[in-house]
Amino acid sequence: MHEKIMEVFQVLHMNGGVGEKSYANNSLVQKKVISMTKPITEEAIINHYISGKFSTTLAIADLGCSSGPNSLFVVTELIKSVHKICKKLNLESPEFQLYLNDLTSNDFNAIFETLPSFQENLRTQMGPNFGPCFVMGVPGSFYGRLFPPNTLHFVHSSYSLQWLSKVPEGVENNNKGNIYLASTSPPSVVKAYKEQFQSDFSVFLKCRSKELVDGGSMVLTILGRQNQDPTSKDGCYIWELMAMALNQMVSEGVIDERKVESFNIPQYTPCPSELREEVEKEGSFKVNKVEVSQIPWSATTTNNNNDTAFYINEYDDEEDYPNDINQNNGYCVAKCMRAVAEPLLVSHFGEAIIDQVFRTYTQILVHRMSKENTHFFNVIISLTKTQ
C-alpha cells in the first residue's frame with residue numbers, strides 16, 4: 001500500500017476515550033445532523049422493508065461510526081423505525097445484524113463497553129417481541145471491500161465520506177498559505193482535490209454495490225457545500241481559519257513555515273451535482289433524493305464550558321473583547337474541531353504546540369463568528385441498488 005495512504009489510515013481518527021477533548025464529548029453537531037436527516041433514513045429503510053422482500057434478518061452497516069454516543073444513536077433509530085412498521089403490518093420483528101465500521105485506529109473499545117446497556121435499552125423499549133440484535137465491529141477503510149457479496153440490506157454513513165483516502169498527489173508545497181482548498185488555491189490543487197474525491201467515491205460505490213443485496217439502500221450524509229465552486233466558503237472556511245492560526249504561529253516563530261506548506265487536509269466537501277454525477281457514472285444505484293441542509297457552527301455549543309478561559313487570551317482593546325455568547329460559541333467550535341483534527345495535526349506538527357494552536361484558533365473563531373453567519377452545509381443522498 002502506498003506510504004501516504006497508510007499514513008492517513010493510521011492517523012485519520014477522532015480523539016478517543018471520554019475525556020474533555022474526546023470526540024464522544026464534542027460531537028453535538030454530528031448528532032444534530034443525524035437527527036435532521038432522520039426522516040430520509042427512516043423513509044429509505046421502511047421503503048426497503050415493505051418492498052415485498054421481507055426477510056427474517058436485516059443487515060445494517062454504519063460506515064464511519066467513530067466512537068461515543070453517536071455510534072449507536074443511528075442504528076437505534078433505524079431499528080425503532082423497522083420495529084414500528086413491523087407492528088403496524090403485524091409482521092414478526094426480524095433479527096438485526098448491525099455492523100459498525102471505521103478505520104482500525106478508531107476507539108472501538110469505547111463502543112463495545114456500551115453494548116450491554118444498548119441491548120438492555122432496546123429490549124426495554126421494544127418489548128418482548130423484539131428480534132435479537134447482533135452487533136459487530138468491522139475495522140477497515142470503506143474505500144475497499146468490507147463485507148461478503150450480497151449481505152447488506154441498508155448502509156448508512158454520516159459525516160465520513162468527505163474524508164479522502166489520501167492527500168491528493170501534487171498538492172504538497174503547491175498550496176501556499178493554505179491547508180485545504182481556499183480562494184487562493186491554484187487551479188492544479190483544486191483539480192487534484194476534485195479528482196481524488198471522484199476516484200474515492202467511485203471506489204466506494206463499486207464496493208457497496210457488491211455488498212448490498214438487489215434493492216438494498218444507502219443514505220449518505222456528507223459535509224459538503226451548496227455552492228458549485230469548490231473553493232467557496234461553504235466547505236472551506238473552517239479550514240481557512242485553521243490555516244490562519246497556523247500561519248500566525250509561523251509569523252511568531254513557533255512553527256517552521258515549511259511544516260505548514262507541507263500540511264494538507266485529506267478532505268473534499270462536494271456539492272449535490274458532483275455526487276449525482278459520480279452515482280450516474282458508476283451505474284449501480286438509482287438516486288432517490290438529494291438534499292442540502294445547513295447547521296450553524298454555534299450548534300456545537302453545550303452548556304458546560306467553564307474552562308473557556310483556557311483558550312482565550314486577553315485582548316489588547318477591551319472594546320474588542322467578544323461577548324460571552326460569541327466567546328462560548330468560538331470555544332465550542334474549537335473543541336469540536338480539536339476532537340476531529342488533533343490526530344492529524346499531532347502527526348505532522350508534534351504534540352508540544354497543539355494547545356497553542358487551538359488557543360490561537362479559538363481567538364480567530366470568536367472574532368469571525370461575532371461578525372459573520374457561519375454554517376456547515378450537509379449534502380444528503382438516498383440511493384437504491386439497481387444492479
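Modeller: A crossing of two helices is left-handed if the near helix is turned anticlockwise from the far one by less than a right angle, and right-handed if clockwise. Helices (H or I, at least four residues) and strands (E, at least two) are DSSP runs, numbered from the N terminus. This is a predicted model, in which local features need pLDDT of at least 70 and side-chain atom pairs count only at pLDDT 80 or more, while totals for chains, interfaces and linings use all residues. Residues are numbered from 1 along each chain as its sequence is written, and side-chain values use heavy atoms, with hydrogens and water left out.

Biologist: In which hand does α7 pass α10?

Modeller: Helix α7 spans residues 187–211 and helix α10 residues 272–282; their axes (lines fitted to C-alpha atoms, for helices over the stretch in contact) come within 10 Å and cross at roughly 50°. The crossing of α7 over α10 is right-handed.

Biologist: How many charged residues does the contact of α7 with α10 have?

Modeller: Asp, Glu, Lys and Arg count as charged, Ala, Val, Leu, Ile, Met, Phe, Trp, Tyr, Cys and Pro as nonpolar, and the others, Gly among them, as polar. By these classes the contact of α7 with α10 has five nonpolar residues, three polar and, as charged ones, five.

Biologist: Are α4 and α6 roughly parallel or roughly antiparallel to each other?

Modeller: Angles run from 0 to 180 degrees between N-to-C directions; those under 35 degrees count as roughly parallel, over 145 as roughly antiparallel, 65 to 115 as roughly perpendicular and the rest as oblique. Helix α4 (residues 70–88) packs on helix α6 (residues 115–126) at about 25°, with the axes 12 Å apart. The two helices, α4 and α6, are therefore roughly parallel.

Biologist: How many disulfides does a search of the whole structure find?

Modeller: A disulfide is a pair of cysteine sulfur atoms within 2.5 Å. For C336, the closest cysteine sulfur is in C332, at 9.3 Å, which is too far for a bond. Over the whole structure, the number of disulfides found is zero.

Biologist: Is C336 buried or exposed?

Modeller: Buried means under 20% relative accessible area, exposed over 50%, and partly exposed in between (1.4 Å probe, protein chains only). The relative accessibility of C336 is 7%, so C336 counts as buried.
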